[in-house]
Amino acid sequence: MLSDTFMTDVVIIGGGIVGLATALQVKQQRPGLKVILIEKEPDVARHQTGHNSGVIHSGLYYKPGSLKATNCIRGYKMLIDFCDAENIPYDLCGKIVVATKQEELPQLETLYQRGLLNGLGGLKKLSLAEMREIEPHVTGVAGMFVPQTGIIDYKQVSDKYAQKFQSLGGEIHLNERVEQITPGTSLSIVVTNKDRYETKLVVNCAGLYSDKMAQLTQPGGVDVRIVPFRGEYFKIKPQKEYLVKNLIYPVPDPNFPFLGVHFTRMVHGGVEAGPNAVLAFQREGYKKSDINLKELFETLAWPGFQKVAAKYWETGLGEMYRSFSKSAFTKALQALIPEVQESDLEPGGAGVRAQACDRTGGLLDDFAILETDKAINVVNAPSPAATSSLSIGKTVSEKVMIRF
Ligand SMILES: Cc1cc2nc3c(=O)[nH]c(=O)nc-3n(C[C@H](O)[C@H](O)[C@H](O)COP(=O)(O)OP(=O)(O)OC[C@H]3O[C@@H](n4cnc5c(N)ncnc54)[C@H](O)[C@@H]3O)c2cc1C
């Protein structure tokens, strides 16, 4: 039985970093609006935001002019300013990107040129000897230093967004799952497992369930589905942490939307290696054994996914093999640091990425926001959305302002 009915201007679905940043930006831009954020978990940042690599991305990888490029670069600055103002620790330690084979050199050059076009100053091409001055244990053909990259704890950032949003009068309703949305002419009705909301606008930032929420706001349907890709990490044992000073990335496969397994020094200490990218059999399934047959069937039945599977089966099988074989995972890491041994790695956590896939088999490369009369749906906000969160929040908030 529903206990309460709330009247509000804006309902935001999802207390991940994107929903929280949006909530904060809306309240900062228009303090008079009543804004309620609904989150199904007992705390914020329990899914993608709390299971990521904790990297502040520079904007290197993204096509100039794309939403990823513009929001990452603007969001980077906004994030740093926010953390400075709120005393949130971060470390702009820089990273190296390493070409481990001759064939990767053209793609390394493409990244360098993209970085320049995206306005990154201080990029430096590196020989192996120069790479070793930065990371003494690395190997490779050539590389690049990216000084802007940093490390941070995005859960800590999210908690602060939440606190500031609430201090401006925003409400966060935890432990409430949105189950139904009925768009109306002046008000939409949002029903959760507990309460009922009458709202002028719905903003969907539901991450791994953003397609489901978008379907509810748009009964005709939206033509994208979230395909969940789990990313598993190993931790380097403390006695071998000396092998990695900061961040070491491979040159990514340009046809695949993920960056490849990398080494990351964490802001609170320790070094992680990963994440790989395997199809998750459950949207919020963090263990290999987690399986939700309904969700898995929906993914497999989506025509776009079938095309993705046909296109990337080889890469996918390799990722799957590395997921089950620690020695294969270690081998991938040894391409960057030959001294790393299987015995140096202990299981770390895992995260699941929400990657939107269209009907024709395109994995959406860019951030995507779909609008209807009564709803704004953030349907694709994968990496670097944590870095870009304040900028995405600002973009969405500007769309909200147009409607009030
Ligand atoms: C393995 C991994 C590594 C990554 N590394 C980085 C990185 O280093 N740097 C970077 O910038 N980005 C990184 N990312 C990407 C980044 O973490 C995500 O882009 C970002 O966290 C997305 O935030 P979000 O708020 O959209 O989603 P989420 O954090 O997933 O939040 C969505 C929220 O919606 C809630 N929700 C869903 N359905 C409902 C419902 N029906 N009712 C109520 N609530 C609901 C969920 O419980 C959840 O809390 C990484 C992601 C992963 C998975």
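Which residue has a polar backbone atom 3.0 Å from an oxygen atom of the ligand?

Reply: That residue is Val-18, through its backbone. A word on the basis comes before the rest. The model is predicted: local features need pLDDT of at least 70, side-chain atom pairs count only at pLDDT 80 or more, and totals for chains, interfaces and linings use all residues. Residues are numbered from 1 along each chain as its sequence is written, and side-chain values use heavy atoms, with hydrogens and water left out.

A polar contact here is a pair of N or O atoms within 3.5 Å; within protein, one atom must be able to donate a hydrogen and the other to accept it, and residues adjacent in sequence count only if both atoms are side-chain atoms. Val-178 also uses its backbone: a polar atom there is 2.9 Å from a nitrogen atom of the ligand. Ser-383 uses its side chain, where an N or O atom is 3.5 Å from a ligand nitrogen. On its own, the ligand has 1,000 Å² of accessible area, and the protein covers 97% of that (Shrake-Rupley method, 1.4 Å probe; for residues, only the protein chains shown count as cover).

Now the shell. It holds 39 residues, and Glu-39, Thr-49, Val-55, Ala-381 and Thr-387 come nearest. By type, 18 are nonpolar, 15 polar and six charged. Nonpolar means Ala, Val, Leu, Ile, Met, Phe, Trp, Tyr, Cys or Pro; charged means Asp, Glu, Lys or Arg; the others, Gly among them, are polar.

Which elements line the site? Helix H1 (17–29) and strand E18 (345–358) each supply at least two shell residues. H1 gives the most, with three. Helices (H or I, at least four residues) and strands (E, at least two) are DSSP runs, numbered from the N terminus. The ligand lies between domain 1 (5–49 + 155–223 + 366–403) and domain 3 (225–248 + 256–358), because both give residues to its shell. The domain bounds come from an automatic or database assignment.

Pro-384 sits in the loop between strand E20 (375–380) and helix H10 (389–402). Another cis bond joins Gly-274 and Pro-275, with omega about -10°. Pro-275 is in the loop between strands E16 (271–274) and E17 (278–279).

Next, strand E2 (residues 35–38), which contains Ile-38. Ile-38 is buried, at 1% relative accessible area. Buried means under 20%, exposed over 50%, and partly exposed in between (1.4 Å probe, protein chains only). The C-alpha atoms of Ile-38 and Glu-176 are 6.3 Å apart, although 138 residues separate the two along the chain. In the loop between E2 and strand E3 (55–56) lies Ala-45. Ala-45 has a positive phi near 60° without being glycine, and is buried at 5%.

Finally, the whole chain. It has ten helices and 20 strands. Its C-alpha trace spans about 65 × 45 × 35 Å along the principal axes. Of its 404 residues, 55% are buried.

How values were computed
A residue is near a molecule or strand if one of its heavy atoms lies within 4 Å of it.
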